Amino acid sequence: MATIMVERYPRAVPGFRASDWAPDMPHGCLSVNTVHACAPDSEPVRQEVIARRMAGEAALRRRFEQAADLPADCDPRVLAQLVHTVTDGIAVQAASGRTRDQLHQVADLALRTLFQL
């Protein structure tokens with residue numbers, strides 16, 4: 001279960017799915033881009049976006065806690081943080097103009113590395 005969740009999660013985030021690649025639309029994840037681009041007077045919006053992202057990370061952690069195939073020495077909280085860090089990085093790279101193929105290569109390497117641990 002943990003393996004399947006980690007394998008599917010990066011491809012489920014906005015900016016990575018094929019359906020998100022419209023030539024006339026900004027690339028990347030709205031929440032990732034918003035956190036980095038908010039002006040000081042938009043701090044309440046930034047805080048709301050952060051809270052929503054943290055809620056998503058907490059939900060992923062809870063799923064990992066239920067996973068029977070998670071190694072005993074793997075902390076579900078840290079794994080959820082790692083997955084979110086990788087997907088946030090993928091979203092930033094998408095916003096920076098990386099191609100879908102390049103993003104898939106990064107995700108595939110991250111998954112291969114993770115499952116060697």
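Predicted model: local features only at pLDDT ≥ 70, side-chain atom pairs only at ≥ 80, totals over all residues.
Modeller: Let us begin with two helices. The axes of helix α4 (residues 76-95) and helix α5 (residues 100-114) come within 10 Å and cross at roughly 160°. Axes are lines fitted to C-alpha atoms, for helices over the stretch in contact, and angles run from 0 to 180 degrees between N-to-C directions. Helices (H or I, at least four residues) and strands (E, at least two) are DSSP runs, numbered from the N terminus.

Colleague: How are α4 and α5 oriented to each other, parallel or antiparallel?

Modeller: α4 and α5 are therefore roughly antiparallel. Angles under 35 degrees count as roughly parallel, over 145 as roughly antiparallel, 65 to 115 as roughly perpendicular and the rest as oblique.

Colleague: Which residues make the contact?

Modeller: From α4 they are L79, L82, V86, I90, Q93 and A94, and from α5 they are L103, V106, A107, A110 and L114. Contact means heavy atoms within 4.5 Å. By class, this contact has 10 nonpolar, 1 polar and no charged residues. Ala, Val, Leu, Ile, Met, Phe, Trp, Tyr, Cys and Pro count as nonpolar, Asp, Glu, Lys and Arg as charged, and the others, Gly among them, as polar.

Colleague: What about α3 and α4, at what angle do they pack?

Modeller: The angle is about 130°, with the axes of α3 and α4 8 Å apart. α3 and α4 are therefore oblique to each other.

Colleague: And which residues meet there?

Modeller: α3 contributes R53, G56, E57, L60, R61, F64 and E65, while α4 contributes P76, R77, L79, A80, Q81, V83, H84 and D88. By class, the contact of α3 with α4 has 6 nonpolar, 3 polar and 6 charged residues.

Colleague: Which residues make up the largest nonpolar core?

Modeller: It has 8 residues in all: L60, F64, A67, L70, L79, A80, V83 and L114. α3 (43-66) and α4 each supply at least two of its residues, and α4 gives the most, with 3. A nonpolar core is a set of buried Ala, Val, Leu, Ile, Met, Phe, Trp, Tyr and Cys residues joined through side-chain atoms within 4.5 Å. In soluble globular proteins, nonpolar side chains tend to be buried together.

Colleague: How accessible is L60?

Modeller: L60, in helix α3, counts as buried, at 7% relative accessibility. The C-alpha atoms of L60 and A80 are 5.9 Å apart, although the two residues are 20 apart in sequence.

Colleague: Finally, how many helices and strands does the protein have?

Modeller: There are 5 helices and 0 strands. Buried residues make up 28% of the 117 residues in the protein.

How values were computed:
Residues numbered from 1 in each chain as written. Heavy atoms only, no water. Buried < 20%, exposed > 50% of the residue type's maximum accessible area, 1.4 Å probe, protein only.
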